[in-house]
Amino acid sequence: MKALHYFLGAAGLAATLGAAQAATLTISCASVGVDFENCKRYSAQWAAKTGHTVNIFTMPSSSTDILSLFRQMFAAKSADLDVLNIDVVWPGVLKDHLLDLKPYSKGAEAEHFPAIVANNTVDGKLLAMPNMSDAGMLFYRKDLLQKYGLQPPETWQDMAAAARKIQDGERAAGAADFQGFVFQGKAYEGLSCNALEWISSFGGQVLDAQGKVTVNSPATVQALKMAASWPGSIAPKGVLNYAEEDARGVFQNGKAAFMRNWPYAWSLSQNADSAVKGKVGVAPLPRGGGEGQHAAALGGWQWAVSKYSRNPEAAADLVMYLSSREIQKERAVKYSFNPTMPALYKDKDVLAANPFMADMYEVLVNAVPRPSTVTGAKYPEVSQALWNAAHEVMSGQSSAEDAAKRLDGRLNQIRRGKW
């Protein structure tokens, strides 16, 4: 894996500070796209202000591959990375290798959603600062709901009925490849998020608050049966290989009525080249029937400092800058990245750019965390077992009842008495 190096320091300022004081840091950014460019630019701003130098380490595109790379580097106690961009589910997995940021934060964590800070706190140590928050949302075509006399769906059953009506109507009008609903059905972490949302929407849990395996329940069976009814019906059979960008591509090209995705898809849907610009609505994910609840998987990314960094103080200062209110507001206004600070959900500039964020506050407050903190280093195995179970049911390889029972057994096997 090669590092892509950019000299981001201000040479004159660095000279003034003196070589002994100027640090050289390496940061892992997202691999591509707007997030990568933002990471470069904001790191450059910090470097110009401080006289330090920042190198950008290019990462794999898959979060699974990124975690694997981090684990390899940490096993060798490598100092090659100072600042890490980590998934919301990784603080417990990487807890033995991350620096406690409390001595450097000056209480800044109090500005962020308590649930996210709690997620990033393991054994009393603040192992990461929030970068951006995420929660699953339902995107829909406002124009098509109006055309067919429909309202945004409250339940999954309502969504399926509306998707079928719109799909049938659009296909009859000549759009042969039009789909009712697209989502993340590929066997990977994104499917674990979807499955968690389905199960939670029916009132079920994968694990309870104490870490006991509770997934073999009527709620899980009902949720998996529901999801299995979509591919080849209101969703394309190919959805079993869809990740976020696959679903967004179909929806943004005007080929689907509904989409489950993360909030980042909003600003992209409003681009000049989008076939659905001005036609997209966003709502909480549907409830699992009349007795169910709205449930969105908590997502997002965090900034952390490697315990093996040779410049921990400078690295922590960069983290505090990147997670600051100023940076989070700019990212929200320009790119629809969800802030991790409650105050920004009332900011007039943020709301003018992203009207749906007015509703995101409640969604984030009530978002369902993945069972990563309690399962710690075993979370990747837990998630893989969950996404495999969901994929087997949706692809017709297993019944929902058998899959729930096997998943229960597999999770208890991974636990082996304790997490």
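Q: Let's begin with the second largest pocket: which residues lie nearest its centre?
A: The second largest pocket is lined by 25 residues, and those nearest its centre are Leu207, Val368, Pro369, Arg370 and Pro371. A pocket here is an open set of points on a 1 Å grid over the protein atoms alone, with protein on both sides within 12 Å along at least five of seven lines, and a lining residue has an atom within 4 Å of a point.

Q: And which elements give two or more residues to that lining?
A: Those elements are helix H5 (114–119), H8, helix H15 (357–365) and helix H16 (372–375), and the largest share, four residues, comes from H5. Helices (H or I, at least four residues) and strands (E, at least two) are DSSP runs, numbered from the N terminus.

Q: Before we go on, what kind of model is this?
A: This is a predicted model, in which local features need pLDDT of at least 70 and side-chain atom pairs count only at pLDDT 80 or more, while totals for chains, interfaces and linings use all residues. Residues are numbered from 1 along each chain as its sequence is written, and side-chain values use heavy atoms, with hydrogens and water left out.

Q: How does the lining of the largest pocket divide by class?
A: The lining of the largest pocket has 20 nonpolar, 14 polar and ten charged residues; Ala, Val, Leu, Ile, Met, Phe, Trp, Tyr, Cys and Pro count as nonpolar, Asp, Glu, Lys and Arg as charged, and the others, Gly among them, as polar. Its largest share, four residues, comes from H3.

Q: What lines the second largest cavity?
A: Its lining consists of Ala30, Asp35, Asn38, Cys39, Asn85, Asn131, Trp303 and Arg331, and helix H2 (residues 33–50) supplies the largest share, three residues.

Q: Cys39 is in there; which cysteine does cysteine 39 form a disulfide with?
A: Cysteine 39 forms a disulfide with cysteine 29, their sulfur atoms lying 1.9 Å apart, where a disulfide is a pair of cysteine sulfur atoms within 2.5 Å. Cysteine 29 lies in the loop between strand S2 (24–28) and H2, and cysteine 39 in helix H2, so the pair ties together parts that are ten residues apart in sequence. The link is left-handed, with -60° about the S-S bond.

Q: Are those two cysteines buried or exposed?
A: Cysteine 29 and cysteine 39 are both buried, meaning under 20% relative accessible area, with exposed being over 50% and partly exposed in between (1.4 Å probe, protein chains only).

Technical notes. On a 1 Å grid over the protein atoms alone, a cavity is a set of points where a 1.4 Å probe fits but cannot get out, and a pocket is an open set with protein on both sides within 12 Å along at least five of seven lines; lining residues have an atom within 4 Å of a point.
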